[in-house]
Amino acid sequence: MRTLITLILLSFACAAQAQSSLVVNVKGLSGPEGKVLFALFSTEEGFPKEWDKAYKQGNLSFSDGACRIVFDDLPEGTYAMMVAHDENDNGKIDTNFIGMPKEAVGISNYPKMGKPDFQKAKFTMNGQEKKTIEITVEKIFG
């Protein structure tokens with residue numbers, strides 16, 4: 001009986017730690033210069049401008065106008081993603097005088113740009129799934 005209880009408890013512990021993988025295909029990157037900046041948020045807090053509050057963030061190189069970002073071992077939960085083409089490779093999204101991005105940006109679940117909203121951008125990772133999403137970056141102002 002003790003062995004059965006231990007096995008049941010272990011199965012619950014394993015289920016509680018289920019991890020997912022997320023692949024983000026980024027397209028619409030123009031020109032060969034710069035890097036792709038990305039931020040994956042697990043809560044509304046800070047989305048989309050306060051990248052220091054993101055669950056994960058970083059930058060990477062790209063080629064042929066596209067790149068792939070892979071997140072392994074994501075806990076089950078709700079996320080939203082923002083990417084930007086840092087054309088001048090200065091490590092930030094350049095903005096105009098009213099704070100609108102001058103570089104191309106993209107947000108999960110946004111077919112066209114609009115005011116960023118976590119509730120519209122969110123997607124769910126359930127347990128041990130592997131999910132692929134696509135984000136197209138575009139310039140709003142230039």
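This is a predicted model: local features need pLDDT of at least 70, side-chain atom pairs count only at pLDDT 80 or more; totals for chains, interfaces and linings use all residues.
## Overall fold

Let's start with the chain as a whole. The protein chain has 2 helices and 8 strands, and from one end of the sequence to the other they follow the pattern α-β-β-β-β-β-β-α-β-β. Among contacts between residues at least 6 apart in sequence, 70% join residues at least 24 apart.

Of the 142 residues in the protein chain, 37% are buried. The chain exposes about 8,500 Å², and carbon and sulfur atoms supply 51% of that area.

## Nonpolar cores

The largest nonpolar core is made up of 22 residues. Two or more residues each come from β1 (19–27), β2 (35–41), β4 (66–75), β5 (77–86), β7 (123–125) and β8 (130–136). Strand β4 gives the most, with 4 residues.

Setting aside neighbours within four places in sequence, Val83 is in contact with Val26, Val36, Leu37, Phe38, Ile69, Ala104, Val105, Gly106, Ile135 and Val137. There is also a second, separate core of 14 residues, which includes Leu37, Ala80, Val105 and Ile107.

## The largest pocket

The largest pocket has a volume of about 420 Å³. It is lined by 23 residues, and those closest to its centre are Pro48, Lys49, Met82, Ile93 and Pro101. The elements that give two or more residues to the lining are β2 and β3 (56–60), with the largest share, 3 residues, coming from β3. Sorted by class, the lining holds 13 nonpolar, 7 polar and 3 charged residues.

## Two aspartates with positive phi

Asp64 lies in the loop between β3 and β4, and its phi is near 55°, a positive value in a residue other than glycine. Is Asp64 buried or exposed? Exposed means over 50% relative accessible area, and Asp64 counts as exposed because its relative accessibility is 81%.

Asp73 lies in strand β4. Its phi is near 60°, again a positive value in a residue other than glycine. With a relative accessibility of 54%, Asp73 therefore counts as exposed.

Technical notes: Residues are numbered from 1 along each chain as its sequence is written. Side-chain values use heavy atoms; hydrogens and water are left out. Buried means under 20% relative accessible area, exposed over 50%, partly exposed in between (1.4 Å probe, protein chains only). Contact means heavy atoms within 4.5 Å. Accessible areas come from the Shrake-Rupley method with a 1.4 Å probe; for residues, only the protein chains shown count as cover. A nonpolar core is a set of buried Ala, Val, Leu, Ile, Met, Phe, Trp, Tyr and Cys residues joined through side-chain atoms within 4.5 Å. On a 1 Å grid over the protein atoms alone, a cavity is a set of points where a 1.4 Å probe fits but cannot get out, and a pocket is an open set with protein on both sides within 12 Å along at least five of seven lines; lining residues have an atom within 4 Å of a point. Grid points are joined across faces, edges and corners, and a volume is the space filled by probe spheres set on the points. Ala, Val, Leu, Ile, Met, Phe, Trp, Tyr, Cys and Pro count as nonpolar, Asp, Glu, Lys and Arg as charged, and the others, Gly among them, as polar.
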